[in-house]
Amino acid sequence: MIWNRRTTNYWPDTKCAKAFWSQHELPPYRQLLADTTARLAPQAGERWLDLGCGRGMLTKGIFQDSCGTVAEITGIDIAPVNAQAYDKLSRELKAQPGQIRFVAGDFLDGLRQFASGSVDGIVSGLALSYAESLVDGRWTTSALDRTLAECRRVLAPRGRFVFSINVPEPAWGTVARDCLTGVWSRPRPHRYLVKAWRIWRYGGWLKREARRGRFHYLSAEALRAKLLAAGFPEVDIALSFSGQAYVVTCRPTARSVAA
Ligand SMILES: C[S@@+](CC[C@H](N)C(=O)[O-])C[C@H]1O[C@@H](n2cnc3c(N)ncnc32)[C@H](O)[C@@H]1O
C-alpha cells in the first residue's frame, strides 16, 4: 500500500477502529443492529462469519440469539486492534475456546481460508462498501464483486447472507440528527457527543471516496444486479439506519452453490 492522499486507508488504524467501537450507542445504529440480527436466526451447531466485524456487535447478536449454541463465529476485519475487542467479547460471553475467533485481514484473505460450502451464515454490518481495488490507477468494484462471489462459494446450500450497506450519497446529517434525539437525558451527554463526533469526522472521507468510485454506496438495483451475478438470485432489501442504509438478505439457490 502506498500511503498518500489518494490511497490513505484509515480503516486499519487503531484510532479509526476504536472510534467505531462506540457506534452501538447511537440510536440509528441500534435500529440497524436490531433490523440485521432479526434476519439471522442462528441455529445450534452452525458456523458463521462476520465480515468487517469491528468490535463484534453482530457476532455478539449471533451468539446470544443462539443461546451460545453456535459452533463457531469468525470475525474478519482489516483493523488488527479488533482482536482485543474479540478477546474481551469471548470472555464476557463465556464462549468455549475457539467458539468466537478473530482473523485480521482483508475480506478476501479471510474468506479464502474457508472451504466451499463450509459456512452456514455470513453477516456484515456497514462494511462491504469498503472492499477497494485500484486497477491501472482507477478505482473499480472488482474487490467487492470478488468478495460477493467468495461469500457465495463458502456458503452451504441452505446458508444465508445478511448485510447492511449505505445508500448512495448517505445523508450523514440525518443520521446525526437522529443521534441527537434524547442526548440531554443521557447520563453523560458530553461523553456521548464526543464519541459520536469521533465517528462523524470519518463521514466526509467516506463520502468523498465513494464519489470517486473507491468505496461503494450502491442503489438497490445495483445491489440486486451484483448479487445475481455472484449467485444470489433471492434478495430481499429494506431500509434502516435513519433511511441511510439497506439491510439485505440473500440466499443461494441449490443450483448456484459451488460443489
Ligand atoms: C463502519 S465499520 C462497521 C463495523 C461493524 N461491522 C459494526 O457493525 O459495528 C466498518 C468496518 O469494516 C472494516 N473494513 C473496512 N475495509 C475492510 C476490508 N477491506 N476488509 C476487512 N474489513 C474491512 C473496518 O475496519 C471496520 O471495522
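Begin by selecting Leu-49, which stands opposite Thr-74 in strand E2. The strands E1 (residues 47-51) and E2 (residues 72-77) pair in the parallel sense over 5 bridges; two strands pair if DSSP finds at least two bridges between them. Helices (H or I, at least four residues) and strands (E, at least two) are DSSP runs, numbered from the N terminus.

Next, select helix H3 (residues 57-65), through which the chain crosses from E1 to E2 in a right-handed β-α-β crossover. Right-handed means that, with the strands pointing away from the viewer, the path from the first strand over the helix to the second runs clockwise.

The model is predicted: local features need pLDDT of at least 70 and side-chain atom pairs count only at pLDDT 80 or more, while totals for chains, interfaces and linings use all residues. Residues are numbered from 1 along each chain as its sequence is written.

Return to E1, where 4 of the 5 residues are buried (20 or more other C-beta atoms, placed from the backbone, within 10 Å of the residue's own), so E1 is largely enclosed by the rest of the structure. Then select Trp-48, which stands opposite Gly-121 in E4. Strand E4 (residues 119-125) pairs with E1 in the parallel sense over 4 bridges.

Finally, display the whole open sheet: 7 strands in the order E3-E2-E1-E4-E7-E9-E8, with mixed pairing. Strands E3 (100-104) and E8 (234-240) stand at the edges, each with a single partner strand, so one side of each is left without a neighbour in the sheet.

Methods. Buried ≥ 20, exposed ≤ 12 C-beta atoms within 10 Å, placed from the backbone.
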